[in-house]
Amino acid sequence: MAGASTLARGVFYPAAGIILAFVLLAVFFTDATDAVMSTLQGEVIGAFGWYYVLLVAAFVIFAVWMGLSRFGDIVLGPDDEEPDFKLPVWFSMLFATGMGIGLVYYGVSEPLSHFVSPKPGVTGDDATLAQAAISQTYVHWGIHAWAIYVVAGLALAYAIHRKGRPVSIRWALEPVLGDRVKGWLGNVIDVVAIIGTVFGVATSLGLGVLQVAHGLGYLDVVEPSTGLEIGLIAAITAVAAMSVASGLSKGIKWLSNGNMVLAGIVLAVVLVLGPTLFILRSWVQSFGYYFANVIQMTFDTLAFRGDEGLAWESSWTIFYWGWWISWAPFVGVFIARISRGRTVREFVLGTLAVPMAVATIWFSVFGGAGLHQEMTEPGSMLDPATGGVNTDTAMFQLFATLPGSGTWLAVAGIVLVVVFFVTSSDSGSFVVDMLANGGDPNPPLWSRLFWAILEGLVAAALLLAGGLTALQTAAILIALPFSLVLIGMAVSIVKELSVEHRQIVRAERRAARAELTEHVTQKVATTLAGRWENVLPPAPGALRLRVPRRRDAKGPPRPGPGAGPGAGPGTGPGTGPGTSTDGEPGRGG
């Protein structure tokens, strides 16, 4: 426990206590917890669904504005700081963050679900429904999700790299809260961030385990069951804990990179063996449809569709907004850590554009292939038992339609899910542990193990308390308090960047004035020195006085004006009033 001295007791113990209390309630009072979760889902969606929609829309506007605003040239670090990672490497790391269990789980099933059971109000022939299905999926996985991460990541990157603050959520709100971030209020902020991250990782693990279990069932390895799902959680959590304990960051790095390569291979195989031309054409067309209708789809709350609209909204859009918000601390810290030396504009545009491109390509390939198969052979992608889309098996059903690749692609899909969770759990545990240790970048190993195991326990508890519905409800509920933290982050970063921008403008104006003054002074001095007599001719008195001095060397001086015959009394050479005896101006004698 060498690192135990860094433990933030006011953060660690409350967060751990709340999460453990939930796990115990879900295990020993499963039915009651299930009932409470169902009730809360209905109440929260009914009361706050509009709030989530409006908030995420505001974050999109905010993120785009930050990228295009006058703040864009401010560096996230010292002014002369070079980026830690070259642009291609940085893009690849953002790409890795954009990938995960969710894309594998929903890649085929979500567009297919929107096609088979359209969003209330969406009608038309198969082509119209398929187009709307792909575009709706783009809304859920595209720029909206990453605008949320821009808010968290930008505020954290500025606080960490520009101001030198610890890696902790509370410091991103320092411009708004001041020194109060050092007390109990800062503890509350970090506790909420920890709970959100743990539940977000647990939700991903729960979804992944559901897919792995049904994938094993699809391969006739074992029959899916709750017991199998709990066992898989235990096994995957054990692997994640070992990866945490090993400390072999290079091994985890190679494992993660290898998984990304495997994902790329699977994507390429589906593209080549599937309806390639259809996929490419639908990707281009769907991009245009998405951008043409994104505003309407963003603000659509299905208010005039009654309970049907509310049920659809809670199962899809609101669930996603809650899931992304609960992941914001984890992803925000990650993209902040890799973005030192980037400008605000680079950070925003890169964070929005790269994952958006990845998500649209992924869903166009997997979702497009699934839609093409269902439109060509109606019913071939549906669950025979229910007549609907089975989200747990849809990917494996698609693989079975591809020539000669169904089994090994199914195995590859299972490996993708497992490794994605292991790496996500490792990274998530590290982020949570930093928050629980006051931002210490090297938190103790024992607490990292604690959080990795706790994430697995939460995933198991959620599955026991209601399966997929409980996972969705948990994401939505935990997002509600953290949404207030995100609002505070947005206000804080605008306040900080506005102050710094004013300072930069003042400094630039002072420098410009000084440079202009120096330039004008030097120009005037040079001009006067070279052309003095043309600019300011000598005065007559000065000419008169210089002439005698020149004549002194050659002969008697020439009488000055007013001397000679007819001169007034008391005048003469050198004796007139106002002159001295040596002929120079002076007092009268």
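This is a predicted model: local features need pLDDT of at least 70, side-chain atom pairs count only at pLDDT 80 or more; totals for chains, interfaces and linings use all residues.
Me: Is Ser 492 buried or exposed?
Reply: Let's look at the relative accessible area, which for Ser 492 is 1%. Buried means under 20%. Therefore Ser 492, at 1%, is buried.

Me: Which residue has its backbone oxygen 2.8 Å from a polar atom of the side chain of Ser 492?
Reply: Set aside its neighbours within four places in sequence, and Ser 492 is in contact with Ala 172, Leu 173, Pro 175 and Val 176. The backbone oxygen you ask about belongs to another residue, and it lies 2.8 Å from that side-chain polar atom: the residue is Gly 488.

Me: Is Leu 449 buried, partly exposed or exposed?
Reply: Leu 449 lies in helix α18, residues 445-464. Its relative accessible area is 23%. Buried means under 20% and exposed over 50%, with partly exposed in between. So Leu 449 is partly exposed.

Me: How far apart in space are Leu 449 and Thr 237, C-alpha to C-alpha?
Reply: In sequence, Leu 449 and Thr 237 are 212 residues apart. Leaving aside neighbours within four places in sequence, Leu 449 is in contact with Ala 241, Val 244 and Ala 245. From C-alpha to C-alpha, Leu 449 and Thr 237 are 10.0 Å apart.

Me: Which helix gives the most to the nonpolar patch?
Reply: The patch has an area of about 590 Å², and its residues include Leu 24, Phe 28 and Leu 464. Leu 464 has its place in helix α18. The helix that gives the most contributes four residues, and that is helix α1.

Conventions. Residues are numbered from 1 along each chain as its sequence is written. Side-chain values use heavy atoms; hydrogens and water are left out. Helices (H or I, at least four residues) and strands (E, at least two) are DSSP runs, numbered from the N terminus. Buried means under 20% relative accessible area, exposed over 50%, partly exposed in between (1.4 Å probe, protein chains only). Contact means heavy atoms within 4.5 Å. A polar contact is a pair of N or O atoms within 3.5 Å; within protein, one must be able to donate a hydrogen and the other to accept it, and residues adjacent in sequence count only if both atoms are side-chain atoms. Patches are made of residues with over 30% relative accessible area and no salt bridge: like charges are joined within 9 Å, nonpolar side chains (Val, Leu, Ile, Met, Phe, Trp, Tyr) within 5 Å. Accessible areas come from the Shrake-Rupley method with a 1.4 Å probe; for residues, only the protein chains shown count as cover. A salt bridge is a side-chain nitrogen of Lys or Arg within 4 Å of a carboxyl oxygen of Asp or Glu.
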